[in-house]
Amino acid sequence: LPLAERIRPTIPENTNTIVSNISERNDEIENLVSTGGFTEIFIPALQSKELALALNQRIDTLPIRTRSDVRIAIRSLVRAAWLLDWYGDLGNRQQVSGAYDVFARAAHTIVDAYQER
C-alpha cells in the first residue's frame with residue numbers, strides 16, 4: 001500500500017469519536033514536539049487533517065454561533081498539519097513549535113466546541 005493509504009485514518013461514525021481522535025493525535029504531536037521526534041509528526045498531523053475535514057462535513061449539528069469558530073479552527077488545523085509535515089521534515093524546532101501552537105489552539109477550539117454540547 002502507498003504511504004498515503006497506510007496513514008489514512010478510519011473515520012468514525014460517531015462525531016464525538018472523531019473529536020476525541022483529533023484530541024488524542026494532538027497529545028501525540030505535543031509529545032513528539034517536546035521530545036524532538038519531528039520526522040514522526042507527519043502521521044498524526046495528516047491523520048488529524050483527515051479527521052478535521054470529515055468533521056467539517058458534520059458541522060451542521062453544532063449551534064449556529066459555534067459553527068463559524070469551528071470552521072475557522074478546522075481551516076487552521078488543516079493548514080498547521082501541512083506545516084507540521086513540512087517543518088518536521090526540515091527538522092527546525094522553532095518552525096515546528098510555531099506550527100504546533102497554531103495546531104494545538106485549533107484542536108482545543110474544536111474539542112471545546114463539542115464538549116459544550
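Q: Which residues of H2 meet which residues of H3, and what makes this a contact?
A: From H2, Thr15, Ile18, Val19, Asn21, Ile22, Arg25, Glu28, Ile29 and Leu32 take part, and they meet Pro44, Ala45, Gln47, Ser48, Leu51, Ala52, Ala54 and Leu55 of H3. Contact means that heavy atoms lie within 4.5 Å. By class, the residues of this contact divide into 11 nonpolar, 4 polar and 2 charged. Here Ala, Val, Leu, Ile, Met, Phe, Trp, Tyr, Cys and Pro count as nonpolar, Asp, Glu, Lys and Arg as charged, and the others, Gly among them, as polar. The model is a predicted one, in which local features need pLDDT of at least 70 and side-chain atom pairs count only at pLDDT 80 or more, whereas totals for chains, interfaces and linings use all residues. Residues are numbered from 1 along each chain as its sequence is written, and side-chain values use heavy atoms, with hydrogens and water left out.

Q: Why is H2 called roughly antiparallel to H3?
A: H2 and H3 pack at an angle of about 155°, with their axes 9 Å apart. Angles over 145 degrees count as roughly antiparallel (under 35 is roughly parallel, 65 to 115 roughly perpendicular, the rest oblique), and H2 is therefore roughly antiparallel to H3. The axes are lines fitted to C-alpha atoms, for helices over the stretch in contact, and angles run from 0 to 180 degrees between N-to-C directions. The helices themselves are DSSP runs (H or I, at least four residues), numbered from the N terminus.

Q: What makes H2 roughly antiparallel to H5?
A: Helix H2 (residues 15-35) and helix H5 (residues 93-115) pack at an angle of about 155°, and their axes are 10 Å apart. That angle makes H2 roughly antiparallel to H5. H2 passes H5 in a left-handed crossing, a term for a near helix turned anticlockwise from the far one by less than a right angle. Among the residues in contact are Ile22, Asn26 and Ile29 of H2 and Tyr100, Phe103 and Ala107 of H5. By class, the contact of H2 with H5 has 12 nonpolar, 7 polar and 2 charged residues.

Q: How do you know that arginine 8 forms a salt bridge with glutamate 5?
A: The closest N and O atoms of arginine 8 and glutamate 5 are 2.7 Å apart. A salt bridge requires a side-chain nitrogen of Lys or Arg within 4 Å of a carboxyl oxygen of Asp or Glu, and the pair meets that criterion. The structure holds 2 salt bridges.

Q: Why are arginine 8 and glutamate 5 called partly exposed?
A: Partly exposed is the class between buried (under 20% relative accessible area) and exposed (over 50%), with a 1.4 Å probe and protein chains only. Arginine 8, at 42%, therefore counts as partly exposed, as does glutamate 5 at 40%.

Q: Why is glutamine 47 called buried, and what does it touch?
A: Glutamine 47 has a relative accessible area of 14% and is therefore buried. This residue is found in helix H3 (residues 42-56). Not counting residues up to four places away in sequence, glutamine 47 touches Ile7, Pro9 and Arg25.

Q: Is valine 78 buried or exposed, and what does it touch?
A: Valine 78 is buried, with a relative accessible area of 15%. Valine 78 lies in helix H4 (residues 64-90) and touches Lys49, Ala52 and Leu53, not counting residues up to four places away in sequence.

Technical notes
Helices (H or I, at least four residues) and strands (E, at least two) are DSSP runs, numbered from the N terminus.
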